[in-house]
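I opened my notebook to get to know a new structure. Here is what I looked up, entry by entry.

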Amino acid sequence: MSERNIRIEPIDRRAVEDQEVEIVERKGIGHPDSICDGVAESVAGALAREYIDRVGEVLHFNTDETQLVAGEAAPAFGGGEVVDPIYLLIVGRATKRYEGQMIPTETIALRAAREYLEETIPQLEYGEDIVVDVKLGEGSGDLQEVFGEDDELDGAVGVPMANDTSFGVGHAPLTETERIVLEAERRLNGEYASTHPELGPDVKIMGKREGEKIDVTVAAAMIDEYVADIDEYADAVESVRDFVAEVAHEHTNREVDVHVNTADDYEEGSIYLTVTGTSAEQGDDGSVGRGNRANGLITPNRSMSMEATSGKNPVNHIGKIYNLLSTSIAESVVDDVDGIRDLRVRLLSQIGRPIDQPHVADVHVVTDEGVSLEDVQTEVEVIVDRELANVTEITRQVIDGELTTF
């Protein structure tokens, strides 16, 4: 067995699925906080790939302090206008000079931000409805060892040292309520939006389960250009409600109630109508790391890291790597080991220590009835050890855009 410090013990609570009350939230891709997460991660990926193309390695950078200042809009049935644009500031550090070569980091960042926003929030006119600025301080010029001494992407992999003493948390499997909240937002902003242009990408979903009853509350920004009057708006709200209810019943046999835009007051004409499809146009600011955790959810029933995953360097920044890795480990264990009801993985780094050698890998398990911890302990430890040994694969997946961070 490996010499890694892997600890496995019973969890200090009931499985979340068995608790009396469960709360789950997801901020959709058009939410101001998610906009910051998405832009920061898009810029991070672009910088990493550009560094590899130019110098063969990822150099030091971080863009995880990106901020959004809300604008002002005047929505109206059939189409309104943005009065004051949203302001987005990409903040961080990046290596701009290496071995005599200048690297246009701010140009790369602006291009990546524009491409991401045009793809995810097409109603938002870049340069008019949203103004994007970038302030990247000078990062360290020290080369970050990602792929080993041969400097080849497909060659031997060197293991970087942790940049910080920090931790990441992951868990599996998702509960029914968690799956409903995650899938409902993704599918609303995927298949549903493709045929319902009135739905904006700012969709926030809150799930609450009390015993055997689940309530799903949806805040769905509607785009005024595609809504002619209050009747069409009401139809759009009802359509979203029906779709979310269908998604929910694919994941549970429990009773489910779906509520959409509960703050609306039709008599007063106070409804969730937007010009661009995001509340960022009217008073809602945003920041990286204030929204979804690395698994795409906000889960107060479970342990969570406060680290922002999006925008961090994927080489040795523990706030990114260990949150993604702990989630991957938890999912792998649950997929491969029978008899596990609930699993939590906490990975703690120590600055300067190889990232495949955590200060502790702390695994907490709830087993199914009739299964003891001893029945599964060896299998779990083997998987945790294997995943830690392959930690640099997380870096590859992040750089290639294969993993979501929010």
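**Salt bridges**

I began with arginine 13 and aspartate 342, which form a salt bridge with their closest N and O atoms 2.9 Å apart. I looked up where the two sit: arginine 13 is in the loop between strand S1 (6-10) and S2, and aspartate 342 is in strand S17 (residues 340-348), so the pair ties together parts that are 329 residues apart in sequence. Both arginine 13 and aspartate 342 are buried. This is a predicted model, and I keep that in mind throughout.

I then asked how many salt bridges the structure holds. I found 32 of them. One of these joins the side chains of aspartate 33 and lysine 27, at 2.8 Å from N to O; both residues are buried. Glutamate 307 and lysine 312 form another, with the closest N and O atoms 3.3 Å apart, and here too glutamate 307 and lysine 312 are buried. I also noted a network of salt bridges that links Lys208, Glu210, Lys213, Asp215 and Asp257. As a reminder to myself, side chains of opposite charge can pair when their charged atoms come close.

**The nonpolar cores**

Next I went looking inside. The largest nonpolar core has 39 residues, and Val39, Phe61, Leu88, Ile90 and Leu117 have the most contacts inside it. Which elements give two or more residues to this core? I listed helix H1 (32-55), strand S7 (86-94), helix H2 (105-120) and strand S10 (130-138). H1 gives the most, with 11 residues.

I followed leucine 117 for its contacts, leaving out residues up to four places away in sequence: leucine 117 touches Ile35, Val39, Leu88, Pro122, Tyr126, Ile130 and Val132. Apart from this core lies another, of 32 residues, among them Ile8, Ala294, Ile321 and Val333.

**Leucine 124**

I stopped at leucine 124, in the loop between H2 and S10. Is leucine 124 buried or exposed? Leucine 124 counts as buried, because its relative accessibility is 4%. Beyond four places in sequence, leucine 124 touches Ile86, Asp129, Ile130 and Thr276. I also checked leucine 124 against proline 85: the two are 39 residues apart along the chain, and their C-alpha atoms are separated by 9.7 Å.

I found a cis peptide bond between alanine 172 and proline 173, with omega at about -10°. Proline 173 lies in the loop between strand S11 (167-172) and helix H3 (176-195).

Glutamate 99 has a positive phi of about 50° although it is not a glycine. Glutamate 99 sits in the loop between strand S8 (97-98) and strand S9 (101-102), and is exposed, with a relative accessible area of 72%. Asparagine 261 also has a positive phi, near 50°, in the loop between strand S14 (255-260) and strand S15 (273-274). Asparagine 261 counts as buried, at 7% relative accessibility.

**A surface patch**

On the surface, I noted a nonpolar patch of Val21, Ile23 and Met206, with about 210 Å² of accessible area together. Valine 21 is in strand S2 (residues 21-27) and is partly exposed, with a relative accessible area of 39%.

**Confidence**

Last, I looked up the pLDDT. The protein chain averages 93, and 95% of the residues score at least 70. Over residues 142-157, pLDDT stays under 50, and the model has 41 contacts beyond four places in sequence for them. Where pLDDT is low, the predicted coordinates should not be read in detail.

Key. Residues numbered from 1 in each chain as written. Predicted model: local features only at pLDDT ≥ 70, side-chain atom pairs only at ≥ 80, totals over all residues. Heavy atoms only, no water. Patch = residues over 30% accessible without salt bridge, like charges linked within 9 Å, V, L, I, M, F, W, Y side chains within 5 Å. Areas by Shrake-Rupley, 256 points an atom, 1.4 Å probe, with all protein chains shown as cover. Salt bridge = Lys/Arg side-chain N within 4 Å of Asp/Glu carboxyl O. Helix = DSSP H or I, 4+ residues; strand = E, 2+ residues; numbered from the N terminus. Buried < 20%, exposed > 50% of the residue type's maximum accessible area, 1.4 Å probe, protein only. Core = buried A, V, L, I, M, F, W, Y, C linked by side-chain atoms within 4.5 Å. Contact = heavy atoms within 4.5 Å. pLDDT = per-residue confidence, 0-100.
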